[in-house]
Amino acid sequence: MGGTFDPIHYGHLLAAEETRYRFALSKVIFVPCGVPPHKKTYEVTPAEHRYSMTVLATASNHSFFVSRVEIDRPGPSYAVDTVKIFRQQFGEGSELFFITGLDAVLEILTWKSHDELIRLCRFIAVTRPGYDAQKLKEKLPPYYLNSIDLLVIPGIDISSTMIRERVRKGEPIRYLTPDTVCDYIFKHGLYK
Ligand code: ATP
Ligand code: MG
């Protein structure tokens, strides 16, 4: 499961856990991006902070792991490169799934080498409040849809953007992300 994770929150964690259960995955690897490939409208927090928060949030789940591949790789983080590395690492016999939210998969045609990527692994697109699953059919060619499984999960209307905004305004973020992540954010003065 790739993301900026700036910061990680319960929406991410629920998406990962639901997918793990429904698809009987042996593990879920969270992959915080290094330099996001698409220009963001805000300054992304240094990768080490995003990595640490992702580790804190996932530590108690025996099936959750965090990978440094993208943050240790110089230059923009492209999913296609990461999937190739995992394919090599886990071998041809392994089954790889790319977990995304509906909003992210709807943008897949803007990703680097998306036609190659869609052949390298299956995608699991989890539902996300505010994004219409019908749009998948409208936006993506049938060839892509064959490689994407839609997974309906309980809607959690939380985004990292919302958490950053709340911290900036001095509003509470407790129960939007694990306490360990809240503490880390305040300790390091992030999102001020
Ligand atoms: P931002 O607001 O900064 O874009 P975000 O909350 O969208 O942050 P990302 O790191 O961009 O988080 O998302 C990583 C992945 O998790 C994406 O595939 C995204 O679609 C998915 N995701 C994020 N939040 C949710 C949520 N609440 N429900 C379902 N999927 C989510
Ligand atoms: Mg996002």
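How many positive and negative side chains does the chain have, and how far apart do the centres of the two sets lie? I counted Lys and Arg as positive and Asp and Glu as negative, leaving out His and the chain ends. I placed each charge at NZ of Lys, CZ of Arg, CG of Asp or CD of Glu. The chain has 24 positive and 22 negative side chains, with the two centres 2 Å apart.

I note that this is a predicted model: local features need pLDDT of at least 70, side-chain atom pairs count only at pLDDT 80 or more, and totals for chains, interfaces and linings use all residues. Residues are numbered from 1 along each chain as its sequence is written, and side-chain values use heavy atoms, without hydrogens and water.

Next, overall form. I looked up the radius of gyration, taken over C-alpha atoms. The chain has 16 Å, which agrees with the value near 16 Å for a compact globule of 192 residues. The globule rule is 2.2 Å times the number of residues to the power 0.38. The C-alpha trace spans about 45 × 35 × 35 Å along its principal axes.

Then secondary structure. I found 10 helices and six strands. These are DSSP runs (helices H or I, at least four residues; strands E, at least two), numbered from the N terminus.

Burial came next. I took buried as under 20% relative accessible area, with a 1.4 Å probe and protein chains only. Of the 192 residues, 46% count as buried.

Last, strand 4, residues 97–101. Four of its five residues are buried, so the rest of the structure largely encloses strand 4. Five bridges join strand 4 to strand 5 (residues 122–126), and the two run parallel. Strands pair if DSSP finds at least two bridges between them. I saw Thr100 opposite Ala125 in strand 5.

Key
Chains are lettered from A and ligands numbered from 1 in the order in which they are written. Buried means under 20% relative accessible area, exposed over 50%, partly exposed in between (1.4 Å probe, protein chains only).
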